[in-house]
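Please have the sequence and the model open while I talk.

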Amino acid sequence: MNKTIHYFVFAVLLAIASSCIKSDLPECPPQFTVQVLVKDRNYFNIDDFPQLTKADDNLPFGYFIKTLYYTLRNRATNKVIRYSALIQTDKDESDIYTLTFNDIPEGEYELIVWGNLETITNIGSLHPDNKEYADIYAASATLNFTRGYKKAEVLMQRVKGKLLLLYKNFPAEYTSIKQSIDNITQSVDTRFKYDGVTRVEKDIPVQNSDEIRLAPTTEGSLSKLQIVFNSGVSTLALPDINITVNRNEITAVSVDYNAIEGIWEIQAYINGEWTTIHRLDID
């Protein structure tokens with residue numbers, strides 16, 4: 001008999017819960033959902049670079065964004081009423097990540113979302129310790145949570161650009177390459193307002209190519225790329241190369257050593273074509 005009563009109570013509760021989902025009854029707690037999608041799946045000019053693999057537009061959310069962090073702020077009181085831990089999304093097989101907010105008073109809210117953070121300290125810092133750091137995504141939206149609310153979509157956009165470096169025919173004695181880029185913006189908010197200036201450094205073993213995730217060049221100026229080859233005994237510093245890094249865009253530089261002529265040829269990809277910017281005879 002007791003078992004029958006328990007089943008009956010469970011059925012009633014389930015019916016009530018179902019009616020809340022399907023109706024606008026005033027006694028039902030409001031539930032608001034936001035769908036988070038990836039807008040920048042590829043760089044704007046990815047098709048110009050056969051050296052790089054273009055990402056399939058059908059890949060899941062977790063392929064592009066491995067972690068997610070959000071805050072929800074009440075615009076009337078300016079208080080953050082919801083925030084997340086660093087959510088791991090790399091196992092997510094859907095192309096949409098859904099956020100659900102329960103028991104929130106009706107009103108206007110600002111949702112801020114970050115993707116691919118490694119830590120939730122110093123949020124917005126793009127190159128901590130002058131390092132490359134992660135492929136950061138960001139988004140923000142103003143949401144009106146009311147009884148008539150329909151689910152909203154938030155589009156995550158890539159914060160940085162990419163520098164593609166191509167190295168060809170370098171002399172065998174060189175074993176490492178030091179790369180540094182100055183005049184790079186230091187931080188950003190989810191409205192894509194960039195601020196500050198920093199320098200990024202990256203050392204690699206000698207190899208045919210490298211890709212560096214970089215914040216955009218500071219507004220109204222150029223970034224300076226410095227490349228130094230190291231043999232362990234001596235170094236070879238190439239002339240400074242002026243470049244411009246833009247959000248979600250690939251900037252490319254090619255360094256080619258012509259052993260027959262003893263010439264270093266440096267090219268940059270500018271306005272859709274490769275342009276020679278230095279041709280050097282270095283002994």
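Let me begin with D203, which, in this predicted model, has a relative accessibility of 54% and therefore counts as exposed, the cut-off for that class being over 50%. The side chain of D203 meets that of K178 in a salt bridge, with 3.9 Å from N to O. Because K178 lies in strand β10, residues 176–184, and D203 in strand β13, this pair ties together parts of the chain that are 25 residues apart in sequence. As for K178, its relative accessibility is 35%, so it counts as partly exposed.

By the rule used here, the count of salt bridges comes to 17, and two further ones deserve a careful look. In one of them, the side chains of K202 and E132 meet at 3.3 Å, again from N to O; K202 lies in strand β13, residues 198–205, while E132 sits in the loop between β6 and β7, so that the pair joins parts 70 residues apart in sequence. Both K202 and E132 are buried, and they also belong to a network of salt bridges that links E132, K202, D210 and R213.

In the other, R158 and D135 meet through their side chains at 3.1 Å, N to O, with R158 in strand β8, residues 152–158, and D135 in the loop between β6 and β7, 23 residues away. Both R158 and D135 are buried.

What does the side chain of T251 reach? T251 is found in strand β18, residues 250–258, and its side chain reaches the backbone oxygen of T244 at 2.8 Å. With a relative accessibility of 7%, T251 counts as buried, because the cut-off is under 20%. Leaving aside neighbours within four places in sequence, T251 is in contact with several residues, among them K162, L164, I243 and V245.

Turning to the end of the strand numbering, β19, residues 263–270, and β20, residues 273–281, pair in the antiparallel sense over eight bridges, and E265 stands opposite R279 in β20. Two residues lie between the strands of this hairpin, where N271 takes a positive phi near 50°.

Finally, a word on the chain as a whole, which has two helices and 20 strands. Of its 283 residues, 42% count as buried, and among contacts between residues at least 6 apart in sequence, 66% join residues at least 24 apart. The chain exposes about 15,600 Å², of which carbon and sulfur atoms supply 49%.

Notes. Residues numbered from 1 in each chain as written. Predicted model: local features only at pLDDT ≥ 70, side-chain atom pairs only at ≥ 80, totals over all residues. Heavy atoms only, no water. Helix = DSSP H or I, 4+ residues; strand = E, 2+ residues; numbered from the N terminus. Buried < 20%, exposed > 50% of the residue type's maximum accessible area, 1.4 Å probe, protein only. Contact = heavy atoms within 4.5 Å. Areas by Shrake-Rupley, 256 points an atom, 1.4 Å probe, with all protein chains shown as cover. Pairing = 2+ DSSP bridges. Polar contact = N/O pair within 3.5 Å; in protein donor to acceptor, adjacent residues only side chain to side chain. Salt bridge = Lys/Arg side-chain N within 4 Å of Asp/Glu carboxyl O.
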